[in-house]
Amino acid sequence: MPVDESDVVLRARGLIKDFGDLRAVDGVDLTIGWGEIYGFLGPNGAGKSTTVRMLIGLLQPTAGSVEILGYDVFGDPFLVKDRIGYMPQHFSLYNDLTVMENLRFYSGLYDMTDKSIGERIDEVLEMVELNNFREHITGNLSGGMKQKLALACALVHSPEFLILDEPTAGIDPLTRRRLWEYLYEIGSEGIAIMVTTHYLDEAEHCNRIGVIYRGKIVAEGTPSWIKEVCFTGNVLSIETDDWRRAFYTLKQLYPEGDIMLFGTDVHLVVDDIKEGEKKVREVMKEEGIRVNNIYPASPTLEDVFIQLQKDMEE
Amino acid sequence: MVIRTRRLFRMIWKEMVHLKRDRVSLTMMIALPVVQLTLFGYAINTEVKNLSLVVIDPNPSSDSRYIVESFVNTGYFRFAGYINCYDELRLLLDENKVRAGLVFPPDFKSRFRANKSVSVQLIVDATDPLASRSAIATARALGLHHSLRMKMGESIAGFEMPLDIRVRGWYNPDMRSADFMVPGLIGVIIQLITVLVTALSVVREREFGTMEQLLASPLRRWEIVVGKLTPPLITTYIIITISLLLAYFVFGVAIKGNIILLYFLTFPFLLVALGIGIFISTIAKNQLQAMQMSFFFFLPSIMLSGFIFPIDAMPNVIRQICYAIPLTYFLNIIRGIIVKGVGLYELRLDTLVLLTMGVLVITLSIMRMGKRLG
């Protein structure tokens, strides 16, 4: 799924970061183009934040290069910083400042005219629905609102490339959905977006995802492509009366197998659908668990991810 | 050009808003010098007066009373009553009830009248050498005075000493310790506030993760540093002004030299203090550590800068350390201008040292600041 050469916004080559003996990032190549929402997926500690911080020049890589909008991030850091928006993993606005003061502060740091600053602040506040909270002290806002404000601050200078590090971590599902709606809206304006997350369901919102595991990108492509190519086996979805017992029974039956809960259904990865179904029904009958339905399901990213992780560990 | 100045302006503006919102710190910054100066200005007094004195006198007479009176009249002793024996004196000294005891022999009156040599014993609690020293000196002087009187009789008025050493204390002829202590205290206080406020404000940004966002913006490192330094710089000048007013109206410490020169020459010292604050913040991981490091720096500053103990009296090795302490030079400047009334020429060396130290430590901090993020 290569990005067209003329569309490249970010290009990273062979990024490596060592912390002492630990190689946190191990040869990451990335290309992101205009209008893309790129999901950077991986478990905690996989090297997501380290990679992101190298991409925007906050951290000197041990080896490798990063170009954003045609500029070398480490050669012309300020040309790059002027054009990108960054939302760090941890909330990083000033709690003792008001909403407006935070926006006024961040907008004042970028290459904008005073007039456009005023208009732009109105615009982003409108978008994240914080118009009525202008004079509120940031520290008194709810977690979701703080996150919306952080997004507004990252956007206030109209960046051409937006990087969000775990923007939805620890916020309520409703605000999470709203944040994604904003991202679609911003993405539709043509700017490039990179989002890191460890929520697998969120990756489905992206145009393209890259999966990072132990510092390496182990899979990259559109969500559907990844599901098709990176996944071997078939998923059986099992609906029962007692999903808890069903889950543990199956876990005993397939100690090495990929078993996971999907809502109250149990997902089981088998080589052969027919044979698998027969075996499951037998075991369930023995245990006296009533099976309501068994059907082949399409793998979710979560299924893919668990398999990828397992493959990597082997 | 416009954007460049706006970035710096926004950074300073933000710091001012922080300061405005942080009422507790702001109040502390203003209250600290007032409280400290008032307390220390009165309490730190190296002239020890009014030591309580008891007297053991088996045969009280007008002559022994005359001697006791002469002790009390010096102002260094305060008569606390007669007691009967040594044991009683020991108990009183042990319990810190009195600081000195004067012991007359039983035959004092007869020997004194006969102009015969007679010993009077002064026992002093020398736990505090500073306090006992002036008491001892006073007692010796009294002994000499009374001996002369006994030998010369009434002709003492016309007596000329063969060797007459006359002492004149320059700059502070009345030997007022406030004149010495208060300017020093101002130096200590402004160093405390500047270092602490600067260190904490930068560390806070790191602790709350806001530093990350600042460094991801086009803000230059020096703009962050200058933005951080400006508000404490302004507040410190306000504090100095309050302290000088307090020094004048409460302690009667007037500025003999040029006050404008004092404000100017304070700047190199503030540069060093601010730089040390920033430097601490590049090492400390959180506000608590920054506090501890600041105090680790304050203690030698107070002990070895000549704030209380004169540097000349220190052993050679220690003296080398004294000269590495910025406060040493600033105390020369502030005491020089306030007490001695000297000008820029006399203070050129101190100013130069502080300027060099300031530029060095700030440059070092700016360099460390970026690297520290990794």
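Visitor: Which residue stands opposite Leu22(A) in strand 2 of chain A?

Guide: In this predicted model, Phe19(A) stands opposite Leu22(A) in strand 2 of chain A.

Visitor: How do you know that strand 1 and strand 2 of chain A pair?

Guide: Two strands count as paired if at least two bridges are found between them. Strand 1 (residues 8-19) and strand 2 of chain A have nine bridges, in the antiparallel sense.

Visitor: What makes strand 2 and strand 5 of chain A edge strands?

Guide: These strands belong to an open sheet of four strands with the order 2-1-4-5 and antiparallel pairing. Strand 2 (22-33) and strand 5 (71-72) of chain A each pair on one side only, and are edge strands. Helix 1 (residues 48-55) of chain A packs on this sheet, where the helix touches strand 1, strand 2 and strand 4 (63-68). The direction of helix 1 of chain A makes about 120° with that of strand 1 of chain A.

Visitor: Why is Glu101(A) called buried?

Guide: A residue is buried if 20 or more other C-beta atoms lie within 10 Å of its own. Glu101(A) has 20 other C-beta atoms within 10 Å, and so Glu101(A) is buried. The residue is found in helix 3 (residues 99-107) of chain A. Its C-alpha atom is separated by 31 Å from that of Val9(A), 92 residues apart along the chain.

Visitor: What makes strand 8 of chain A mostly covered?

Guide: Six of the six residues of strand 8 (residues 192-197) of chain A are buried. Ala192(A), Met194(A) and Thr196(A) point one way, while Ile193(A), Val195(A) and Thr197(A) point the other way, and all are buried.

Visitor: Why do side chains of a regular strand point in two directions?

Guide: In a regular strand, the side chains alternate between the two faces of the sheet.

Visitor: Which strands pair with strand 8 of chain A in the parallel sense?

Guide: Strand 3 (residues 37-41) of chain A pairs with strand 8 of chain A in the parallel sense over five bridges. There, Thr197(A) is the bridge partner of Leu41(A). Strand 7 (residues 161-165) of chain A also pairs with strand 8 of chain A in the parallel sense over five bridges. In that pairing, Phe161(A) stands opposite Ala192(A).

Visitor: Which helix does the chain pass through from strand 7 to strand 8 of chain A?

Guide: The chain crosses through helix 6 (residues 173-188) of chain A, and this β-α-β crossover is right-handed.

Visitor: How many helices and strands are there in chain A?

Guide: Chain A has eleven helices and 14 strands. Of its 314 residues, 42% are buried.

Visitor: How many residues of chain B are in contact with chain A?

Guide: In chain B, 20 residues are in contact with 21 residues of chain A. Helix 1 of chain B gives the largest share of the side of chain B that touches chain A, with eight residues. By class, that side of chain B has seven nonpolar, six polar and seven charged residues.

Visitor: Into which domains is chain B divided?

Guide: Chain B is divided into domain 1 (51-170) and domain 2 (177-373). The C-alpha centres of these domains of chain B lie 47 Å apart.

How values were computed. Residues are numbered from 1 along each chain as its sequence is written. Chains are lettered from A and ligands numbered from 1 in the order in which they are written. This is a predicted model: local features need pLDDT of at least 70, side-chain atom pairs count only at pLDDT 80 or more; totals for chains, interfaces and linings use all residues. Helices (H or I, at least four residues) and strands (E, at least two) are DSSP runs, numbered from the N terminus. A residue is buried if 20 or more other C-beta atoms lie within 10 Å of its own, exposed if 12 or fewer, and partly exposed in between; C-beta atoms are placed from the backbone. Domain bounds come from an automatic or database domain assignment. A crossover is right-handed if, with the strands pointing away from the viewer, the path from the first strand over the helix to the second runs clockwise. Two residues are in contact if their C-beta atoms, placed from the backbone, lie within 7 Å. Ala, Val, Leu, Ile, Met, Phe, Trp, Tyr, Cys and Pro count as nonpolar, Asp, Glu, Lys and Arg as charged, and the others, Gly among them, as polar. Axes are lines fitted to C-alpha atoms, for helices over the stretch in contact, and angles run from 0 to 180 degrees between N-to-C directions.
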